[in-house]
Amino acid sequence: MTPELMIKACSFYTGHLVKTRFCTWRDVARANENVALAEKMNRAVTCYNFRLQKSVFHHWHSYMEDQKEKLKNTLLRIQQIIYCHKLSIILTKWRNTARLKSKKKEHELILKHELQLKKWKNRLILNRAAAEESSFPEQSSSEGSLVDETLKCDISLLPERAILQIFFYLSLKDVIICGQVNHAWMLMTQLNSLWNAIDFSTVKNVIPDKYILSTLQRWRLNVLRLNFRGCLLRPKTFRSVSHCRNLQELNVSDCPTFTDESMRHISEGCPGVLYLNLSNTTITNRTMRLLPRHFHNLQNLSLAYCRRFTDKGLQYLNLGNGCHKLIYLDLSGCTQITDSAMEMLSAKCHYLHILDISGCVLLTDQILEDLQIGCKQLRILKMQYCTNISKKAAQRMSSKVQQQEYNSNDPPRWFGYDREGNPLTELDNVTPSKGASELTVEKSTYSSEEQVA
């Protein structure tokens with residue numbers, strides 16, 4: 001064997017050995033890669049399953065939390081309903097018990113007064129009989145039987161409370177006449193509580209202004225309620241009302257001589273007025289500006305058929321502290337009122353319970369939307385002869401109030417104006433529209449507006 005062959009043999013053997021080792025290493029390396037890839041896949045699958053479970057658990061947790069919250073709110077609502085029901089039962093029992101006690105107490109007082117009156121009459125009869133026997137000893141037995149007859153009752157000997165109750169049923173004219181009977185009756189008519197409420201409307205055609213001035217001057221600290229309805233008085237007489245510092249109710253409706261100047265004096269002197277009736281008077285925006293400036297506690301206001309103030313005057317009610325405590329507001333027959341003024345008013349009068357806009361022919365459906373937003377406590381709404389308010393809007397509003405009166409007929413002829421708010425020239429030519437509709441919805445047990453107020 002030659003050296004060259006030996007070299008070739010060694011080279012072939014070495015190459016074959018390297019090739020064999022390399023193939024073996026390559027197979028081992030590939031096997032290791034497959035094992036690592038399988039491990040990575042297993043870890044990836046495990047991680048994906050964990051994240052999927054986490055997401056599902058998160059959604060389930062959120063769902064359960066919502067269900068718990070709903071259940072909690074439901075339980076709270078049920079507890080509130082049960083609590084309100086218990087309170088209503090307690091209040092009903094308390095009211096019934098109070099009524100029974102009041103009736104019982106009233107019955108006992110009546111019996112007590114009847115017994116006292118009976119004793120008083122018997123004592124008078126005995127005294128009268130003793131006096132007649134001492135004065136006429138020769139009186140016959142037939143004449144003595146007359147002692148048992150019932151004598152006339154002298155009411156001046158009754159308690160003051162009973163005397164007041166008797167005189168409260170009399171009119172002002174009758175009280176004046178009673179004061180002229182004798183000195184004792186005159187003293188009874190001078191009780192302070194008897195002059196808390198004075199109604200001059202019953203004697204408006206009899207009593208002169210001079211007597212009204214003297215009466216108000218004398219009882220200025222006791223007067224709480226004044227009624228001048230339909231009285232034709234001088235401006236000086238109306239100004240004398242300003243001396244009644246404790247006045248709470250004032251009615252000057254249908255007074256043709258009542259002016260803005262009279263209202264200025266009254267508002268400056270009587271800031272505690274709660275009830276004010278200015279219907280069918282000649283007031284203007286000057287008076288509307290005075291109301292929020294002086295009457296901060298005003299609760300009842302009637303401006304029916306006052307057509308000389310404008311939308312701006314009605315907006316004055318919201319100036320400053322304003323008349324924000326109004327419970328009752330009557331604007332019937334005010335044909336000049338539009339939606340803009342009522343929108344401003346409804347935004348501030350949150351305590352309004354009763355509103356009368358009958359005959360306000362310029363108001364539209366927009367006013368009902370404003371009332372739903374601003375006047376949440378509105379209970380009674382009257383809108384008779386509101387020609388621009390649709391029946392559909394009135395039906396929607398009926399679900400928001402307890403009692404509602406509505407129709408879209410033309411105003412009656414005696415209103416003095418047509419469906420557009422223009423004064424009538426020929427009343428006989430006015431006829432109601434053919435498409436007029438009526439809607440009246442009542443959802444209240446109240447029998448009158450005064451009970452709600």
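Buried means under 20% relative accessible area, exposed means over 50%, and partly exposed is in between, with a 1.4 Å probe and protein chains only. Asparagine 280, for instance, counts as partly exposed at 41% relative accessibility.

Now the background. This is a predicted model, in which local features need pLDDT of at least 70 and side-chain atom pairs count only at pLDDT 80 or more, while totals for chains, interfaces and linings use all residues. Residues are numbered from 1 along each chain as its sequence is written, and side-chain values use heavy atoms, with hydrogens and water left out.

Let me start with the whole protein. The secondary structure comes to 14 helices and ten strands. Those are DSSP runs numbered from the N terminus, with helices being H or I of at least four residues and strands E of at least two. The protein has 453 residues, and 34% of them are buried. Its accessible surface is about 29,100 Å², and carbon and sulfur atoms account for 56% of that. The areas come from the Shrake-Rupley method with a 1.4 Å probe, and for residues only the protein chains shown count as cover.

Next, contacts, meaning heavy atoms within 4.5 Å. If we take contacts between residues at least 6 apart in sequence, 70% of them join residues at least 24 apart.

On to the core. In soluble globular proteins, nonpolar side chains tend to be buried together. A nonpolar core here is a set of buried Ala, Val, Leu, Ile, Met, Phe, Trp, Tyr and Cys residues joined through side-chain atoms within 4.5 Å. The largest one has 77 residues, and those touching the most other members are Phe200, Leu226, Phe228, Leu276, Leu314 and Met342. What does phenylalanine 200 touch, not counting residues up to four places away in sequence? The list is Leu172, Ile207, Ile212, Thr215, Leu216, Leu226, Asn227, Phe228 and Cys231.

Now the salt bridges, defined as a side-chain nitrogen of Lys or Arg within 4 Å of a carboxyl oxygen of Asp or Glu. How many does the structure hold? There are five.

One of them joins the side chains of aspartate 209 and arginine 234, at 3.3 Å from N to O. This pair links distant parts of the chain, 25 residues apart: aspartate 209 is in helix α6 (residues 209-218), and arginine 234 is in the loop between β2 (225-227) and α7 (235-239). Aspartate 209 is buried, at a relative accessible area of 13%, whereas arginine 234 is partly exposed at 45%.

Helix α8 (residues 260-269) has glutamate 261 and arginine 264 three residues apart, about one helical turn. They form a salt bridge whose closest N and O atoms are 2.5 Å apart. Glutamate 261 is partly exposed at 31% relative accessibility, and arginine 264 is partly exposed at 26%. Arginine 264 also forms a salt bridge with glutamate 268, with the closest N and O atoms 3.3 Å apart. That pair is four residues apart in α8, again about one helical turn. Salt bridges that share partners join Glu261, Arg264, Glu268 and Arg286 into one network.

Helix α9 covers residues 285-294, and its buried residues include Thr287, Met288, Leu290 and Leu291. Which elements cover them? Among them are α8, β4 (275-277), β5 (300-302) and α10 (311-315).

Two loop residues deserve a mention. Asparagine 280, where I began, sits in the loop between β4 and α9, and has a positive phi of about 60° although it is not a glycine. Aspartate 254 also has a positive phi of about 60° without being a glycine. Aspartate 254 lies in the loop between β3 (249-251) and α8, and is partly exposed at 30% relative accessibility.

Last, strand β9, residues 403-407. Five of its five residues are buried, so β9 is largely enclosed by the rest of the structure. Gln403, Glu405 and Asn407 point one way from β9, and Gln404 and Tyr406 point the other way. Strand β8 (residues 380-384) pairs with β9 in the parallel sense over five bridges; pairing requires that DSSP finds at least two bridges between two strands. Within that pairing, which residue stands opposite glutamate 405? Lysine 382 does. Together, β8, helix α13 (residues 391-398) and β9 make a right-handed β-α-β unit. Right-handed means that, with the strands pointing away from the viewer, the path from the first strand over the helix to the second runs clockwise.
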